[in-house]
Amino acid sequence: MDAFKILEIKKSVYEGNDARAKSLRAELGRDKVFLLNLMSSPGSGKTTTILRTIEALEAEMRIGILEADIDSDVDARAVAKTGTRVIQLHSGGMCHLDAEMTRQGLAGLGTEGIDLVILENIGNLICTAEFDTGATKNAMILSVPEGDDKPLKYPVMFSMVDVLLVNKIDAMEFFDFDLEALRERVLRLNPKVRIIPISAKTGEGMDQWADWMRAAVRHCKES
Amino acid sequence: MHELGVVIEVVRTVLDFAERNGVTRIETVVLQMGELSSMVPKYIEDCYPAAVYGTKMQDTTLRIEILPGNALCGACGKVFNLLRNAGGCPACGSEEWELLGGKEFMIKEIAAR
Ligand SMILES: Nc1nc2c(ncn2[C@@H]2O[C@H](COP(=O)(O)OP(=O)(O)OP(=O)(O)O)[C@@H](O)[C@H]2O)c(=O)[nH]1
Ligand SMILES: [Mg+2]
Ligand SMILES: [Zn+2]
């Protein structure tokens, strides 16, 4: 009998998902649907920010929301109250979404006539960064109580996002949070990222954020 | 826990590779995982038997190699481990560094015939 021999494979386990994500992104581009993947730790303010974003933009564009909590539909119900089209994804205990689940979510939501879809990803900063969802752009929220040292601990997440929202700036005085130090740390990992300080509670900074969204959606329509 | 999904992906990829390369029997599967990856080696090992059950890989052994989460210091050029140095260079204290590795999750090789 032949002996066992070593056969080199050298393939990233993420390759399959990366390929599916790429084709989803291309399809969304063709259909002129802008998909934003919104990530953060639990409780950083994803749902509150989404509600504010709907308020700011619903008169100008048609919005759909994908909610991806592990096992509750609290966030989806909060969004549904605004009259916005929303669907709760059942991620079956998963801690991140991949391109296939995102595709199924979009199909369930129905993207006909929709300009902007925001995906509220599952609250965690590690594996959500490793699985490309196929989104047009990736955003993350870091909230002030989490501290300005997070880029040192989660370099993978901070280096892959297109926009970073620094939320809960209304609470700045209660925390030892250095916005300049954060900016430096993040820009070193990711020189192209846009950083926007906001308070989803008071509405501060929401104009800049809404402008970023408007420009991104417009760019998607025109390209 | 997200390991089961990726282990199933590993099994799919290896079976596909075996099919295309005329492999009849696989003995060992070797994975490489970075320290900064969100995958926990112990969990990968725990769900491996379930993922290979009933496939041609049912009796294979899984081996995992860990790759370090290393960074290159931008100030003094030292290569250091990010996990063990709380994000800063142990030689000069600089926080300016470039990630060299540690995010990987690769199927490295198989022992087969
Ligand atoms: N002070 C302050 N509180 C905020 C702000 N934004 C959100 N919160 C509060 O933070 C808590 C969590 O907000 P959510 O919007 O539910 O956060 P989330 O990221 O969607 O949370 P999960 O979906 O559970 O991961 C709520 O009590 C919000 O009222 C803010 O800008 N300032
Ligand atoms: Mg939420
Ligand atoms: Zn140094």
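Predicted model: local features only at pLDDT ≥ 70, side-chain atom pairs only at ≥ 80, totals over all residues.

Biologist: How much area do chain A and chain B bury between them?

Modeller: The contact takes 31 residues from chain A and 31 residues from chain B. Of the area buried between the two chains, 63% lies on carbon and sulfur atoms, and in chain A the residues that lose the most area to chain B are Phe4(A), Ile9(A) and Val13(A), together 25% of what that side buries. The area that chain A and chain B bury between them is about 2900 Å².

Biologist: Which element gives the largest share of the side of chain A that touches chain B?

Modeller: The elements that give two or more residues to this side are β1, α1, α6 and α7 of chain A. The residues of that side divide into 17 nonpolar, five polar and nine charged. The largest share, eight residues, comes from β1(A).

Biologist: How many salt bridges are counted between chain A and chain B?

Modeller: Polar contact between the chains involves 11 residue pairs, with both residues at pLDDT 80 or more. One salt bridge brings together the side chains of Glu9(B) and Arg20(A), at 3.3 Å from N to O. The count of salt bridges between chain A and chain B is three.

Biologist: Which residues coordinate the magnesium ion (ligand 2)?

Modeller: The donor residues are spaced T-x27-D-x44-E in sequence. At 2.1 Å, through OG1, OD and OE respectively, the ion is coordinated by Thr47(A), Asp75(A) and Glu120(A).

Biologist: With which side chain does the side chain of Asp132(A) make a polar contact?

Modeller: Asp132(A) sits in the loop between β5 and β6 of chain A, and its side chain reaches the backbone nitrogen of Gly134(A) at 2.9 Å. Leaving aside neighbours within four places in sequence, Asp132(A) is in contact with residues including Asn17(A), Asp18(A) and Asp98(A). The side-chain partner in polar contact with Asp132(A), at 2.8 Å, is Arg25(A).

Methods
Residues numbered from 1 in each chain as written. Chains lettered and ligands numbered in written order. Heavy atoms only, no water. Contact = heavy atoms within 4.5 Å. Buried area = accessible area lost by both parts, 1.4 Å probe. Salt bridge = Lys/Arg side-chain N within 4 Å of Asp/Glu carboxyl O. Polar contact = N/O pair within 3.5 Å; in protein donor to acceptor, adjacent residues only side chain to side chain. Helix = DSSP H or I, 4+ residues; strand = E, 2+ residues; numbered from the N terminus. Nonpolar A, V, L, I, M, F, W, Y, C, P; charged D, E, K, R; others polar. Donors = N, O, S within 2.8 Å, 3.2 Å for Na, K, Ca; no water.
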